[in-house]
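Please look over the chain shown below before reading the notes that follow. The briefing is grouped by topic.

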Amino acid sequence: MNRDDTTDEAPDTEADRLVGASADREDQAVEAALRPKDLDEFIGQEKVREQLDLVLRAARARGATADHVLLSGAPGLGKTTLSMIIAAEMEAPIRITSGPAIQHAGDLASILSSLQEGEVLFLDEIHRMSRPAEEMLYMAMEDFRVDVIVGKGPGATAIPLELPPFTLVGATTRAGLLPPPLRDRFGFTAHMEFYEPAELERVVHRSAGLLDVEIDTAGAAEIAGRSRGTPRIANRLLRRVRDYAQVKADGVIDREIARAALRVYEVDARGLDRLDRGVLEALLKLFGGGPVGLSTLAVAVGEERETVEEVAEPFLVREGLLARTPRGRVATPAAWAHLGLTAPERAPGGFAGGIGQQDLFGA
Ligand SMILES: Nc1ncnc2c1ncn2[C@@H]1O[C@H](COP(=O)(O)OP(=O)(O)OP(=O)(O)O)[C@@H](O)[C@H]1O
Ligand SMILES: [Mg+2]
């Protein structure tokens, strides 16, 4: 693994997962075509939509540039999409850059000084910007002004530069990492939540329409239920199920086809993949449901500690299947139920005997 220690990306295996939330190459290639273009087309996130609609409408009515907006939420929930929608709703051009791309304050100064009046500046992964750039951004956001430093050492001078009013749209998967002075300079913060299955069902239907794929309600529901609350995953599973439907059937997706396809890809009825189930199975079958230490669990699964902790566990915890306790990892009753196993009579630390393996794929 080749990771520098400033990165907060998940380990490598996340990128290869069918149910991983980060964008892979194929996602990047097709996502532009699937992005909703305005607020009405944007599915779910009712609160965010309502609030953003007010912010943008009011700015338009005043003929003003919209306030700075911070979008926070897990990967694949629609932050980039919303930033483009903000620009479209304001009928403004959009400039796209990201925290890691701005390492020097000078990089930021040159972007800021070339903005047009009213332009939207989308700063993705804003929590990964360098400190000097961040400080320049404070002033730019507040006073639409930057000080460009010319020269070095005692002879350095600050040349003030006026900026046209612009709207900064920052996106972060880690709102907690933003320094409070930066957070405070946003007029509006949108917290994106995971989507409900019914909302993802609409996402699947919409995308199927755009991709010219025929799908029925039950087929869409089946995909939605396995998409981990994340539109990007829903769209990816839809593409894989489409492949299956084309090769093995007449191209039409119904419940049976969706189930059979996702069985091939080992994504079960709750959206767990092989890695997730491996972790749960080890915890239940080898350690009686825990508590067991992370390192021991990782060895039992044959994975790196980080992979178990950062790639598998977050979703298992979110789903209420696994708990992290001071004494170690513990399976919840829902985990036993999901794998169709019976929890042992509790002699603490005792080992479980599995009874009957349930069909997880529901086919
Ligand atoms: N509310 C939505 N309605 C319909 N489709 C959506 C919605 N939100 C996201 N999508 C789809 O999911 C895909 C991923 O969304 P997007 O790229 O905006 O996520 P993101 O939050 O920026 O992710 P990352 O954190 O990885 O940058 C988009 O291509 C879009 O098609
Ligand atoms: Mg994005």
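In which helix is L54 found? L54 is found in helix α3, which spans residues 46-62, where helices are DSSP runs of H or I with at least four residues and strands are runs of E with at least two, numbered from the N terminus. This is a predicted model, in which local features need pLDDT of at least 70 and side-chain atom pairs count only at pLDDT 80 or more, while totals for chains, interfaces and linings use all residues. Residues are numbered from 1 along each chain as its sequence is written, and chains are lettered from A and ligands numbered from 1 in the order in which they are written.

**Domains**
- The protein chain is divided into domain 1 (45-191), domain 2 (197-264) and domain 3 (274-338), with bounds that come from an automatic or database domain assignment.
- Taken over C-alpha atoms, the centres of domain 1 and domain 3 are separated by 39 Å.

**The five-stranded sheet**
- Five strands form an open sheet in the order β2-β3-β6-β1-β7, with parallel pairing, two strands being counted as paired if DSSP finds at least two bridges between them.
- The edge strands of this sheet are β2 (94-98) and β7 (188-191), each of which pairs on one side only.
- Strand β3 (residues 120-124) is joined by four bridges to strand β6 (residues 167-172), and the two run parallel; here F122 stands opposite V169 in β6.

- Not counting residues up to four places away in sequence, T80 touches D124 and A171, a contact requiring C-beta atoms, placed from the backbone, to lie within 7 Å.
- L54 is exposed, because it has 11 other C-beta atoms within 10 Å.
- The C-alpha atoms of L54 and I159 are separated by 37 Å, and these residues are 105 residues apart along the chain.

Definitions and conventions. Two residues are in contact if their C-beta atoms, placed from the backbone, lie within 7 Å. A residue is buried if 20 or more other C-beta atoms lie within 10 Å of its own, exposed if 12 or fewer, and partly exposed in between; C-beta atoms are placed from the backbone.
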